[in-house]
Amino acid sequence: KYYGSNIYGLDKVRNEEKLKWVDDNELDIVNFENGNLLKKAADKLSFIAFCFEYRKYYYAKKSDKTSYFSSLPIRLDATCNGFQHISLLIGDLEIARSTNLTRLPEDPNEDLYFYIAMKVKDLITAIKNEDIEFKEGSLNWGETTEKKISIKETCLRFSSIEIFRNLIKLAVMVKPYNASLTSRADYIRQNFK
């Protein structure tokens, strides 16, 4: 049910809502030929495969069978795998929380990429408003005045841009896998095209 709702396009809603959605739409899933759900599915081919499998499950449940073996490959993605592993290795509860490792069923889903996007926006605003002093060694600004001015001018330009999670997602995602600074900058640059 989680997988079916994810490929339908409900991957960002809470798990309880996913289960409820499948239960509420069970007849349209089983009778998917009516097209009521298929035309709105995000991944139509995978959703059809899910519907075929769910139909078999549905009728097995209605019969005298006591078990059902599914042959549908389920693709489920974790939340920020690299950061989840890092948080476990170093025992960082804040990262664990922001990647949903410590999430209870009643807790809302956390979004590490949104959190970092907001931190980037806050940093750019602080630099633009001169709330952060350019001190040697702080935030790796470098030692030259020209470098500090260049960073401030860049932040002024960036302050007019809406910093959104998709802008920084790839750059953040590959950090735990030791991606170079140049590669991460290229990922951000691609979003401006």
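1. **Basis.** This is a predicted model, in which local features need pLDDT of at least 70 and side-chain atom pairs count only at pLDDT 80 or more, while totals for chains, interfaces and linings use all residues. Residues are numbered from 1 along each chain as its sequence is written, and side-chain values use heavy atoms, with hydrogens and water left out.

2. **Fold.** The protein chain has ten helices and zero strands. Its elements run α-α-α-α-α-α-α-α-α-α from the N terminus. Helices (H or I, at least four residues) and strands (E, at least two) are DSSP runs, numbered from the N terminus.

3. The accessible surface of the protein chain is about 13000 Å². Carbon and sulfur atoms account for 55% of that surface. Areas come from the Shrake-Rupley method with a 1.4 Å probe; for residues, only the protein chains shown count as cover. Of the 193 residues, 29% are buried. Buried means under 20% relative accessible area, exposed over 50%, and partly exposed in between (1.4 Å probe, protein chains only).

4. **Contacts along the chain.** Contact means heavy atoms within 4.5 Å. Take the contacts between residues at least 6 apart in sequence: 49% of them join residues at least 24 apart.

5. **Helix H4.** H4 covers residues 44-62, which is 19 residues. From first C-alpha to last it reaches 26 Å, close to the expected 27 Å. The expected span is 1.5 Å times one less than the number of residues. Its buried residues are Ser46, Phe47, Phe50, Cys51, Glu53, Tyr54, Tyr58 and Ala60. They pack against helix H1 (2-10), helix H2 (15-24) and helix H3 (26-30).

6. Alanine 49 and proline 73 are 24 residues apart in sequence. Their C-alpha atoms are 9.6 Å apart in space.

7. **Nonpolar cores.** A nonpolar core is a set of buried Ala, Val, Leu, Ile, Met, Phe, Trp, Tyr and Cys residues joined through side-chain atoms within 4.5 Å. The largest has 17 residues. Tyr8, Trp21, Ile29, Phe47, Phe50 and Tyr54 have the most contacts inside it. H1, H2, H3 and H4 each supply at least two residues of this core. H4 gives the most, with five residues. A second, separate core of 13 residues includes Phe83, Ile127, Leu167 and Val172.

8. **Tyrosine 8.** Set aside its neighbours within four places in sequence. Tyrosine 8 is then in contact with Trp21, Leu37, Lys40, Ala41, Ala42 and Phe47.

9. **Aromatic pairs.** Rings of Phe, Tyr and Trp (its six-membered ring) pair if their centres lie within 6.5 Å; planes under 30 degrees apart count as stacked, over 60 as edge-to-face and the rest as tilted. The count comes to nine aromatic pairs. One of them is the tilted pair of phenylalanine 50 and tyrosine 54, at 5.6 Å centre to centre and 40° between the planes. Both residues lie in helix H4, four residues apart, about one turn of the helix. Phenylalanine 50 is buried, with a relative accessible area of 4%. Tyrosine 54 is buried too, with a relative accessible area of 4%. Ring pairs also link Tyr8, Trp21, Phe47, Phe50, Tyr54, Tyr57 and Tyr68 into a cluster.

10. A salt bridge is a side-chain nitrogen of Lys or Arg within 4 Å of a carboxyl oxygen of Asp or Glu. The whole structure has nine. Glutamate 26 and lysine 61 meet in one (3.4 Å, N to O). This pair links distant parts of the chain: glutamate 26 in helix H3 and lysine 61 in helix H4, 35 residues apart. Glutamate 26 counts as buried at 16% relative accessibility, whereas lysine 61 is partly exposed at 44%.

11. **Further salt bridges.** Arginine 55 and glutamate 33 also meet through their side chains (2.6 Å, N to O). Arginine 55 lies in helix H4 and glutamate 33 in the loop between H3 and H4, so the pair ties together parts 22 residues apart in sequence. Glutamate 33 counts as exposed, at 55% relative accessibility. Elsewhere, Glu94, Arg97 and Glu110 are linked in a network of salt bridges.
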